[in-house]
Amino acid sequence: MRFLFLLTAALLIGCGSNGGPDPELAGLRVYHHSADGAPTSLDPAQSATAYANLVVINAYDTLYSYKYLARPYELKPNLAAAMPEISDDGLVYTVQLKPGTRFIDDPAFPDGKGREVVASDVVYSILRHFDPTVRPQGAWLWQGRVAGLEEWKAAGSDYDRPPDGLRAVDRYTLDIRLEAPYPQLLYTLAMGYSAVVPREAVDYYGREFGLRPVGSGPFRVTSYDTARIVLEPNRNWRWRPVDLAEEGYDPDTQAFTGIAAIDGQTPPFVDRLMISFITDSAARWNSFTKGNEIQYAGVPVELVDRVLASKNPVRLAPKYEARYQVVSDIEAGFVYSAFNMADEDFGYHPDPEQQARNRVLRCAMIRGFDWRRRNDSFYFDLGVVFPGVIPPVVPEFDPDLSLDSVTRDVAGAKRMLAEAGWTADNLPTMTYGSVGGVRSRQFYEQFRAWMMEIGYPREKIVLKQFATFGDLNKQWRESRLPLISAGWGLDYPDAENTLQLFYGPNGAPGSNSSNYNNPEYDVLYEQAAVLLPSPERTRIYRRMNQMLIDDCVAVTGLSRTRIAVWHREVLMYPSANIVGGFFLPFVALAGDNGILERAEPARLTLN
Amino acid sequence: MELLQYSLRKIATGIPLVIGVTLISFLLMVYFGPDKTYELVGKNPTAEQIAEVRAELGYDQPVAVRYLDYLRELVTLDLGFSDSTGERVSAILARTIPISAAVALPGFILGNLFGVLLGLFAAFYRGVWPDKFIMAAAAIGMSISFLIVIIAFQILLSSSYGLNLFPVRGWDVHSIGDYVLYVTVPTLATVFVALGYNTRFYRSVIVEETTRDYVRTARAFGMPAGPLYYKLILKNCMIPIITRIMFSIPFVVISGSLLIESYFGIPGVGKVTYDAIVTGDQPILKAVVALTAVLLVAVQLLTDIMYRWVDPRVALK
């Protein structure tokens, strides 16, 4: 025992310090942040997760990107030279590419020198989503929208014969022809899915392309494993002086970050960009508070009460305020539970009378659900509860909508059940599917308790747990569960992205896992789908939202608030939302004498 | 010659073991493992796209065909690509196993070494306070969750709330100094937990050995305690000690330590295996299972040979 103690002491003394600066990083400006999950693939065609998207849009170019600071979100040209020319009928988009953009040097190219990015690369990158051998995940963005894609796929996915709907007119000009107007198209061209890849690299690396990004984005990946990814600036990228006004800077809400210092300066302001993947929140927080490893992280939910002095507005406790900046952001998405309308016990039924009773049952269950307590128990009362499926983050959100559907009314729910003839004996069994885990179990227990209060027998709310989200998702996609409790992250800031979750033709296995099938709703969806943002479109969106509320299709919803903290020495205004990683090219480290001073690598004073 | 014959025989008898293990684990993966399909399809898939993904994953093939493919992959050492990342499985293992071994070995060696020493010490003082103290400490070590130990060591030694002597996490190893820096806290946590189990096991083995006639005879002849314990008793305890150590090796080398690797952000095979289990990444799981089975057969052979080495009376038959 004594020997062990001595050995331990010797090791401690021998090591002496907490790691010290890595000699390789000496003199470099290193920005280091943490994420609570890791990307599995950096192939844009497989960048389905936020973790992958964050890296992909920094390693690759997209035609458009989001302005760094503009809220609500606004697009700007990125690889595209300007916003597209759109034909009068809204069916043809012509996009000019900026000439002179080059892919990074890589062995995939002849002589290892990256070549220029041209319009046919954009065509190739989108077509990959219609090639099953790629295992793509973004086809849904363009299928049935861009002319000829399905036919191209059916004809054998020959990249040398692109479809008419997606054509490189010349070296720098791209034509996209649509089957019907698709106002959300530009948003899809800012997503990681549409990032531009070189065919040579895909051919060269084959299945391992997802590990070896060869892009033309602002950064290049220098190492990547399950624990960390390291990027360094692509010095050949189109860096230009920052124009904060153009990026949507709002001094009233953003001046506290100190980012005004970068106005007029030319990025990159860092020499290395590191992202550590730390799933455990305690380890992530320890690493962050230590300061020399992580400079930006989210606040673990279990620490919110300790870290925050106030929640509205979000303010850090004095202990942390001196060292850290904080920003809170309502998520671009929401959590909800939708009924499976294909389930005859809760949804549609051949007998109209029973179908009407089922609607009453769903409405009563919705009334029994307590969003206020859900928010308090699991989201530290920071979430925003709203009726329907149009969340606060999109412009079509209606702040004046009645809150009845998200206000608990136990007596009313009981009355509704009694009037429709529902009793403890004839209520159907509700199988509550979830992924195994303490939190999921707590969600279930809380749900069951609320349902018991409106008269549901305890034994009729049954938990069915699955090992992985994939298995649970399979059950939803195959319509085997009566309730789908999920979260939806918006792909773009347009309510169409959430309303399509209930569009009939998107029924399971599509995104409409609830199998809601209302012809009137579908007609409205199709009408709105071709409209540009306008009061008319907003009116239709809101009408559809009201139909979902009236039909009691879903227990919805709540948008969570994300809190991000970062060391004061880092100048940035981060966002984990739709704009994802578009803030990373602007990140700067503040030394004592200005943002461009070369400091010790990420070594911060934490007195 | 006898050794060669024995080795060949042992390897031959190991083949059914490998087939059995791979078959059972493969069936478990197929029938009870996660279905990867729905993690690979997009947000709004059609039935056709789902079928395409299933075909890409090979799920549409009969189980027997898939198992034969698995065996062919093992024989040809072509382990395929990860379904999640697309990386070659052989490359993943080649990259992560050395890291896991580097992380686990110091703790494994120290845990066993100190376990034997403390076991000897406790056995020597059997029934009196040093023995009781060591056994009580071992019980405490065994009772505390590994997770708690990891977090406690991390906070105590690595965080700004504690001594802040070591990195909280990561694996930036470019020199021996880096290695010591990154491996110390995981090693201390591992030793803290392993020591309890090891000490109890080795003490019981040693105590049982002290009741043998030859020990009583040696004592009667006035043999000093030191040589008696180190030269006679310890040597005669080597078979159970070797058995315990050797059969732990495959799991140390291949399986790594999920908790250690997760909490310290170490990109080892334990984390990769865990991720493969929860995401249903069958190519990785198949490789890890097969490799563990093969290593077990090898360790079994090596263990038998070592038995003979420490005790020539053991026959290789």
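**Close-up views of charged contacts**

**View 1. R203(B) pairs with D131(B) in a salt bridge, with the closest N and O atoms 2.8 Å apart.** The pair links distant parts of the chain, 72 residues apart: R203(B) sits in helix α8 (residues 176-209) of chain B and D131(B) in helix α6 (residues 129-143) of chain B. A salt bridge is a side-chain nitrogen of Lys or Arg within 4 Å of a carboxyl oxygen of Asp or Glu. R203(B) is buried at 17% relative accessible area. D131(B) is buried at 4%. Buried means under 20% relative accessible area, exposed over 50%, partly exposed in between (1.4 Å probe, protein chains only). Helices (H or I, at least four residues) and strands (E, at least two) are DSSP runs, numbered from the N terminus.

This is a predicted model: local features need pLDDT of at least 70, side-chain atom pairs count only at pLDDT 80 or more, and totals for chains, interfaces and linings use all residues; side-chain values use heavy atoms, without hydrogens and water. Residues are numbered from 1 along each chain as its sequence is written, and chains are lettered from A and ligands numbered from 1 in the order in which they are written.

**View 2. E56(B) and R135(A) form a salt bridge, closest N and O atoms 3.5 Å apart.** E56(B) lies in helix α3 (residues 47-57) of chain B and R135(A) in the loop between α3 (119-127) and α4 of chain A, so the pair joins two chains. E56(B) is partly exposed, at 29% relative accessibility. R135(A) is buried, at 7%.

**View 3. E232(A) forms a salt bridge with R272(A), at 3.3 Å between the closest N and O atoms.** Strand β9 (residues 228-233) of chain A holds E232(A) and strand β10 (residues 272-277) of chain A holds R272(A), so the pair ties together parts 40 residues apart in sequence.
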